[in-house]
Each structure stands twice: as C-alpha cells, then as structure tokens.
Amino acid sequence: MTYTARRLTRREQQEQTRVRLIDAANRMFAEGGIIAASLRNLCARAGFSQGAFYSNFTSKDELLLSVIERHIQQEVSLMQELVSKSDSEGIDGALDRLACRLSELARDPQWSLLSVELQLHSRRDPSFAERSEKVKMASLREFSILLENLINRHNLTPVMPVFDLARGLYALWSGLALQGSIKEALPRDQVFLSFLRNMIVTRESSG
C-alpha cells in the first residue's frame, strides 16, 4: 500500500516559513548583530524570497523580538518540566536543577550574544525599546508562573512578591551572561543557587 503525503494547508506552510526565518535569524543575529544581518542574506539563508519575509514579519526588529520570545518560551517550558519532575527529589534537588540550567544558559554564547544585541538595539532605537519592553514583561510573567509553580509544589514562602523575585532572577541571569567567566569568582550555578535559596524559604523554617 502506498501513502500520499498530506498537502500542507496555507497556515501550516506559513508557519513553516516563519520557523525557518526565525532559525536563520537566530544564527545571523548572534553572528553579527541585527544591523549586519541584511534582509537579502537572511532570506537567502532561510531559502525564501523577501516577499515571503514580509508575509510573516513587518521588519527585522519584529523578527528579533520573535527570536527572543521563542528562546524564552522554550527555556521556560524546559524549566517547568524540571520543576514538575522535582516532587520526588525535594526542594534541594529542584533548586539544583534550576540553578544548573540557568548557568548553562548564561554560558551559551549564542543566547548571550542575542541578549546583548537586544539591549544594544533598545538603547539605539527608542521605538524598538518600547516594543522590547512588552516582550520583557511577558518574559517576566512566564518566569513568575515558573516560580509560583515551584513555590506551591514545595510549600515555600518567597521573601518578596513573586513578580519581583522573577525580576531579580532575570536581572541576575542577564548580568552573569554578559560578564562571562571571571577568575576566582564563584561558579554561576552556585550564584543562582544562593539567590534562590535566600529568596525562598520553607514555611516550616519561616515560622
């Protein structure tokens, strides 16, 4: 018996195009920044025309924000999975796993370069800064949900509102990603672990 491949719908084709453009942009922005990444080269790397680009994005700025959004969504989903699997190993295991994953992200050169590019482009372009602020707020809400899940699963009490805790964790991650490795400083995972342990406590010990 032979099978004929199902023809993709227009929406599915557009989604595939969008994903491939984001993949190509992810590499190009990390390699040379958004200014150096020409639209023509970006489309050529993705294998599409500029018309296909404008069917999915209004500008390279919008594409950069989509790249950042996808990164954050993927990482928060991964960390949510780590938290959901942590019931059997207790709070220490959960914090260790989160700290290690945050440390891995801070070491990732591509992700670090993209974060730098986002900050630099925001400083140069006020209109882009306004749009990137919305992405940042959405990211902080995602981190807040992640931390809220951790807190509820392990009967914890945060020392500050969860949104501010997420803000602090995001700022710490951004700073460590930008700094790179510093000789004689504590490893990144230990810094993240110390932050998390000091920002949330068990209800038993807090009483």
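Two residues are said to be in contact when heavy atoms of theirs lie within 4.5 Å. Leaving aside neighbours within four places in sequence, Leu-150 is in contact with Val-83, Ile-91, Ala-94, Leu-95, Leu-98, Leu-156 and Ile-200. The model is predicted, and local features need pLDDT of at least 70, side-chain atom pairs count only at pLDDT 80 or more, and totals for chains, interfaces and linings use all residues. Residues are numbered from 1 along each chain as its sequence is written, while side-chain values use heavy atoms, with hydrogens and water left out.

A nonpolar core is a set of buried Ala, Val, Leu, Ile, Met, Phe, Trp, Tyr and Cys residues joined through side-chain atoms within 4.5 Å. Buried here means under 20% relative accessible area, exposed means over 50%, and partly exposed covers what lies in between, with a 1.4 Å probe and protein chains only. The largest such core has 57 residues, and those with the most contacts inside it are Phe-29, Leu-63, Ile-68, Leu-114, Leu-150 and Trp-173. Two or more residues each come from α1 (10-36), α2 (39-46), α4 (60-84), α5 (90-107), α6 (109-124), α7 (126-153), α8 (162-179) and α9. The largest share, nine residues, is given by α4. These element names follow DSSP runs numbered from the N terminus, where helices (H or I) have at least four residues and strands (E) at least two. As general background, nonpolar side chains tend to be buried together in soluble globular proteins.

What does helix α9 look like in detail? Helix α9 spans residues 188-199, twelve in number, and reaches 17 Å from its first C-alpha to its last, close to the expected 16 Å. The expected span is 1.5 Å times one less than the number of residues in the helix. Its buried residues are Arg-188, Phe-192, Leu-193, Phe-195, Leu-196 and Met-199. Viewed down the axis of α9, these buried residues fall within an arc of 160°, so they line one face of the helix. The arc is taken from the directions that run from the helix axis to the C-beta atoms.

Met-160 is found in the loop between β1 (156-158) and α8, and is partly exposed at a relative accessible area of 31%. Although Met-160 and Met-199 are 39 residues apart along the chain, their C-alpha atoms are separated by 7.4 Å. Not counting residues up to four places away in sequence, Met-160 touches Leu-165 and Met-199.

Aromatic rings come next. Rings of Phe, Tyr and Trp (its six-membered ring) pair if their centres lie within 6.5 Å, with planes under 30 degrees apart called stacked, over 60 edge-to-face and the rest tilted. The structure holds four such pairs. In one of them, the rings of Phe-53 and Tyr-54 have centres 5.1 Å apart and planes at 90°, so this pair is edge-to-face. Phe-53 is buried at 0% relative accessible area, whereas Tyr-54 is partly exposed at 48%. Tyr-170 and Trp-173 form a tilted pair, 6.3 Å centre to centre with 45° between the planes. Both sit in helix α8, three residues apart, and are separated by about one helical turn. Tyr-170 is buried at 16%, and Trp-173 is buried at 6%. Phe-53, Tyr-54 and Phe-57 form one aromatic cluster.

Finally, charged side chains can be considered. A salt bridge is a side-chain nitrogen of Lys or Arg within 4 Å of a carboxyl oxygen of Asp or Glu, and the structure holds six. Asp-61 bridges to Arg-131, with the closest N and O atoms 3.3 Å apart. This pair links distant parts of the chain, as Asp-61 lies in α4 and Arg-131 in α7, 70 residues apart. Asp-61 is buried at 13% relative accessibility, while Arg-131 is partly exposed at 33%. The side chains of Arg-197 and Asp-96 also meet in a salt bridge, at 3.9 Å from N to O. Arg-197 lies in α9 and Asp-96 in α5, so the pair ties together parts that are 101 residues apart in sequence. A further bridge joins Asp-164 and Arg-167, whose closest N and O atoms are 3.4 Å apart. Both lie in α8, three residues apart, about one turn of the helix.
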